[in-house]
Amino acid sequence: MATESKLVKRSSPWGAGGAACLPGQESRWGVLLATASGNLRRVWALLGVTVLLLAANTVVQGAGFTYQGRLNDGNRPASGLYDMTFSLYGEDSAGRRSSLFVFPVFVTIGATTEISGIFISPTIDVDKDVVKQGDTIAIFGESVPNVSVNIQVNSDKTIFANATSNKSGAYLYDLDTSQLGFGSHSTKSKSVENNLVSDESAVRNFTVGTENVAAQPESILPAKGDIDGDDRVNLVDFSILAYWYSKPNPPAQYDLNGDGKIDLVDFSIMAFYWTG
Amino acid sequence: MKKRDVIAYCKSVVLKGTGILSSNIYSAILVVFFVLAPVSGVVHAATMNVVSNPNSATVGQPFRIDVNLDTQGDTANAIQGTISFPTNLFTLQSVDDGESIINFWVEPPQSVASGEVAFSGIVPGGFMGAASSVVGLILDPVSQGTGTISIGDLKLLRNDGQGSMIPVTTKTESIVVLGAASNTPPAEPIVSQIAPEFFIPVISKDLNVYGGKYFLAFSTTDKGSGIDHYEVLEVPSHKMVGVVSSWQVATSPYLLQDQSLTSDIYVRAVDHAMNFIIVKLPARYSAPAKTNVYLEFAAIVFICISLFTIVLLRRRRVI
């Protein structure tokens with residue numbers, strides 16, 4: 001199934017009773033993957049489309065965008081009712097990506113399907129990978145401007161905190177680590193605006209120890225699965241992993257979960273980091 | 001705490017709190033809230049079921065069963081399982097994964113033992129949905145009786161970057177096989193005429209694959225009956241593809257025979273209904289011009305003889 005697609009930004013508000021809330025200014029939308037199935041004709045395809053639209057203008061809260069594409073079935077335009085699943089993410093001014101927002105859409109010929117109420121999770125990061133107990137660790141990221149951001153720190157006792165994003169969508173919370181024990185902890189956040197609550201952000205891990213170690217900048221390159229080192233996770237990486245599937249003594253760098261074997265779990269990890 | 005326990009508890013509290021005391025009113029309010037509010041923390045397992053509609057068959061009349069997945073709101077990206085059926089009642093006629101949600105098969109669905117079809121594959125980016133086909137089997141009933149088709153060795157992994165397991169339950173399907181009526185003609189198989197999708201193979205190399213030699217990676221899908229197999233043909237770029245060419249059945253990654261990459265590479269994807277598509281990768285490099293040594297020697301000899309003959313004839317004229 002062949003597709004052509006483009007992401008078109010509309011400046012007008014979008015949908016009654018909801019809004020497409022996108023993190024920060026000059027952010028980018030990514031339609032990571034769209035898988036299509038025809039509900040009536042059961043046509044499945046991996047579109048493998050990664051579309052990035054670099055917003056030239058400031059993103060306005062409540063702004064929507066139109067996603068248009070062309071769906072072909074073989075050499076003919078597709079006709080019928082198709083069940084599509086979209087994965088949407090936001091990318092903030094520092095290149096950090098939000099977690100995926102996955103939603104199904106029924107698309108039918110001759111009709112424009114409008115989706116509202118999509119509230120993408122905030123991005124999140126910390127300034128230290130290891131923080132000296134008693135010092136503060138900065139938890140920050142970007143979300144919709146001027147909203148409340150609920151921050152959760154997972155420890156022996158879960159800690160809840162609040163921050164407010166500024167007019168640029170950036171939020172910051174300094175956590176006093178004297179209340180945390182030594183060892184590994186994690187934090188995540190979600191945004192709240194009126195009655196809307198976003199999905200939870202990705203989880204960011206950190207350690208409470210005896211010294212401070214600054215956090216390494218998070219790479220936007222795939223963290224795992226890029227076996228051939230071309231900064232992409234795609235068919236070639238899959239083929240290399242398939243070569244070692246169930247074979248003894250696989251190279252350690254291919255063993256994505258470090259259990260000494262190549263099995264379905266390694267393929268699942270690769271599928272998560274898939275870029276196409 | 002399960003919902004029925006909550007309701008039972010609430011009922012007991014309501015029966016006890018019949019007096020108009022503030023504490024009982026608050027208890028009643030709490031009870032009402034408890035009953036009306038959704039019970040949180042209850043995990044709904046995903047389901048993978050064998051589905052056949054209808055659930056009866058006739059000897060000699062092939063029928064289809066599907067393995068459907070409902071992730072129950074979770075997002076999965078890897079699936080593995082084995083479908084079992086009684087061999088005294090059914091034989092496997094074919095596999096149909098044309099409508100599968102699986103994008104890349106780690107183990108394409110195929111018979112691994114008598115009465116067992118195993119499969120595993122991934123959905124990059126994950127999948128969340130209900131009643132979605134994983135694989136279809138066309139079974140041929142061979143004798144009367146009632147048989148159960150089940151799924152075992154199930155693994156459903158979450159799209160979380162860690163491959164964590166999603167709890168999954170299965171439902172088996174009982175099929176009643178009826179005897180064929182004497183005047184019932186055998187069913188005509190429904191043959192798909194949809195060819196596999198266009199695709200572009202990729203040449204790559206990796207130190208840990210085939211000792212660092214060039215290999216070919218390829219994959220496509222087929223909406224009709226699913227991909228059956230691939231074949232590869234390498235033809236030196238200065239030659240034509242013959243009527244009878246030695247196509248090699250291949251799986252990805254495929255070790256290229258011509259490591260100089262001076263051959264055109266053809267890949268043929270064939271589906272279960274024998275429809276196919278052939279794609280061509282032109283040779284990456286041009287082959288060096290080859291000269292025939294013997295031809296060169298013969299040409300030199302001919303020239304020498306010709307020159308000698310000319311000289312000899314001229315001397316005879318002079319004389």
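In chain A, take the contacts whose partners have a separation of 6 or more: residues 24 or more positions apart account for 66% of them. Two residues are in contact here if their C-beta atoms, placed from the backbone, lie within 7 Å.

**Before you click**

This is a predicted model, in which local features need pLDDT of at least 70, side-chain atom pairs count only at pLDDT 80 or more, and totals for chains, interfaces and linings use all residues. Residues are numbered from 1 along each chain as its sequence is written, while chains are lettered from A and ligands numbered from 1 in the order in which they are written.

**Stop 1: the two chains**

Colour by chain. Select chain A. It has two helices and 18 strands. Both kinds of element are DSSP runs, numbered from the N terminus: helices are H or I with at least four residues, strands are E with at least two. Of the 276 residues of chain A, 39% count as buried. A residue is buried if 20 or more other C-beta atoms lie within 10 Å of its own, exposed if 12 or fewer, and partly exposed in between; the C-beta atoms are placed from the backbone.

Now select chain B. Here you find three helices and 18 strands. Chain B has 319 residues, and 31% of them count as buried. Among its contacts between residues at least 6 apart in sequence, 72% join residues at least 24 apart.

**Stop 2: where A meets B**

Show both chains. How many residues of chain A are in contact with chain B? The number is 34, and they touch 39 residues of chain B. On the chain A side, β2 (28–38), β3 (45–46), β7 (81–91), β8 (101–108), α1 (235–243) and α2 (264–272) each supply at least two residues. Colour that side by residue type. It divides into 25 nonpolar, seven polar and two charged residues. Nonpolar covers Ala, Val, Leu, Ile, Met, Phe, Trp, Tyr, Cys and Pro; charged covers Asp, Glu, Lys and Arg; the others, Gly among them, are polar.

**Stop 3: the helices of chain A**

Select α1(A). Is this helix mostly covered or uncovered? Mostly covered: nine of its nine residues are buried. Among them are Leu235(A), Val236(A) and Tyr243(A). The cover includes α2 of chain A, together with β6 (104–113), β12 (202–206) and β13 (209–217) of chain B.

The axes of the two helices come within 11 Å and cross at roughly 170°. Axes are lines fitted to C-alpha atoms, for helices over the stretch in contact, and angles run from 0 to 180 degrees between N-to-C directions.

**Stop 4: a hairpin in chain A**

Select residues 148–154 and 159–164 of chain A, the strands β12(A) and β13(A). They pair in the antiparallel sense over six bridges. Two strands pair if DSSP finds at least two bridges between them. A hairpin of four residues joins β12(A) to β13(A). Click Ser148(A): its bridge partner in β13(A) is Thr164(A).

**Stop 5: strand β1 of chain B**

Select residues 46–51 of chain B, strand β1(B). Ala46(B), Met48(B) and Val50(B) form its covered face, and Thr47(B), Asn49(B) and Val51(B) the uncovered one. In a regular strand the side chains alternate between the two faces of the sheet.

Ala46(B) stands opposite Val168(B).

**Stop 6: a four-strand sheet**

Stay in chain B. An open sheet has the order β15-β14-β17-β18, with antiparallel pairing. β15 (248–250) and β18 (276–281) stand at the edges with a single partner strand each, so one side of each is left without a neighbour in the sheet. Neighbouring strands are turned by 30° against each other on average, direction ignored. Six bridges join β17(B), residues 263–271, to β18(B). Ala269(B) stands opposite Ile277(B) in β18(B).

**Last stop: Tyr214(B)**

Select Tyr214(B), in strand β13 of chain B. It counts as buried because it has 20 C-beta neighbours inside 10 Å. Leaving aside neighbours within four places in sequence, Tyr214(B) is in contact with Ile203(B), Lys205(B), Leu256(B), Gln259(B) and Leu261(B). Finally, click Asp258(B). It is 44 residues from Tyr214(B) in sequence and 8.7 Å away in space, C-alpha to C-alpha.
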